Amino acid sequence: MRQEKTMKVITNHALDPRIKLEPNAGSDRSWVWSAFDFAGGELVETVFALRFADSDIAASFKVAFEDAQQEMEKLLAGEDKLGEDGGAAADEAAEALSALKTSDDTEAE
């Protein structure tokens, strides 16, 4: 799918660790893969192909794609990584949320 104004290609799919990038027709500057895309508002299995200006950019894309897949694999395994603060912000937010009361809570007291 393309954005209407910029005509840039957009995709909306998870980088499932099972997705495999394959060279397109043996080219070292293009990749093909299949995924369930939701860019059009409906889940559709789609084959994607990207061609880059040179092989260095294509290789960089592959590295970034595979890094994101590894991160997704960790998330799916429950190995979320902590932020720079070691999770302090998440703990602070959880504490603030637990202190909130609804109008039903205040009437019961």
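**Exercise 1. The surroundings of Val-47**

Determine which residues Val-47 is in contact with, leaving aside its neighbours within four places in sequence.

Solution. Step 1: with those neighbours set aside, Val-47 is in contact with Val-32, Trp-33 and Ser-34, where contact means heavy atoms within 4.5 Å. This is a predicted model, in which local features need pLDDT of at least 70 and side-chain atom pairs count only at pLDDT 80 or more, while totals for chains, interfaces and linings use all residues. Residues are numbered from 1 along each chain as its sequence is written, and side-chain values use heavy atoms, with hydrogens and water left out.

Step 1: Val-47 lies in strand 3, which covers residues 44-51; strands (E, at least two residues) and helices (H or I, at least four) are DSSP runs, numbered from the N terminus. Step 3: Val-47 and Ala-35 are 12 residues apart in sequence, and their C-alpha atoms are 6.6 Å apart in space. Step 4: Val-47 counts as exposed because its relative accessibility is 61%. The classes are buried (under 20% relative accessible area), exposed (over 50%) and partly exposed (in between), with a 1.4 Å probe and protein chains only.

**Exercise 2. The chain as a whole**

State in what order the elements of the chain run from the N terminus on, and what share of its residues is buried.

Solution. Step 1: the chain has three helices and three strands, in the order β-β-β-α-α-α. Step 2: of the 109 residues, 14% are buried. Step 3: the chain exposes about 8600 Å², of which carbon and sulfur atoms supply 52%; accessible areas come from the Shrake-Rupley method with a 1.4 Å probe, and for residues only the protein chains shown count as cover. Step 4: take the contacts between residues at least 6 apart in sequence; 39% of these join residues at least 24 apart.

**Exercise 3. Salt bridges**

Report how many salt bridges a search of the whole structure finds, and describe the pair formed by Lys-62 and Glu-66.

Solution. Step 1: side chains of opposite charge can pair when their charged atoms come close. Step 2: the search finds two salt bridges, each being a side-chain nitrogen of Lys or Arg within 4 Å of a carboxyl oxygen of Asp or Glu. Step 3: Asp-16 pairs with Arg-18, with the closest N and O atoms 2.6 Å apart. Arg-18 counts as exposed because its relative accessibility is 67%.

Step 2: in the bridge between Lys-62 and Glu-66, the closest N and O atoms are 3.8 Å apart. Because these residues are four apart in helix 1 (residues 55-76), about one helical turn separates Lys-62 and Glu-66. Step 5: Lys-62, at 26% relative accessibility, counts as partly exposed, and Glu-66, at 32%, counts as partly exposed.

**Exercise 4. Surface patches**

Identify which residues gather in a patch of negative charge on the surface and which form a nonpolar patch.

Solution. Step 1: patch members have over 30% relative accessible area and no salt bridge; like charges are joined within 9 Å, and nonpolar side chains (Val, Leu, Ile, Met, Phe, Trp, Tyr) within 5 Å. Step 2: Asp-85, Asp-91, Glu-92 and Glu-95 gather in the negative patch. In this count Asp and Glu are negative and Lys and Arg positive, without His and the chain ends; a charge is placed at NZ of Lys, CZ of Arg, CG of Asp or CD of Glu. Step 3: Glu-95 is located in helix 2, residues 88-99, and counts as exposed because its relative accessibility is 59%.

Step 1: the nonpolar patch consists of Phe-36, Phe-38 and Leu-43, with about 330 Å² of accessible area together. Step 5: Phe-38 sits in the loop between strand 2 and strand 3, and its relative accessible area of 40% is why Phe-38 is partly exposed.

**Exercise 5. A backbone angle**

Describe the phi of Ala-25 and where Ala-25 is found.

Solution. Step 1: although Ala-25 is not a glycine, it has a positive phi of about 55 degrees. Step 2: Ala-25 is found in the loop between strand 1 (22-23) and strand 2. Step 3: Ala-25 has a relative accessible area of 80% and is therefore exposed.
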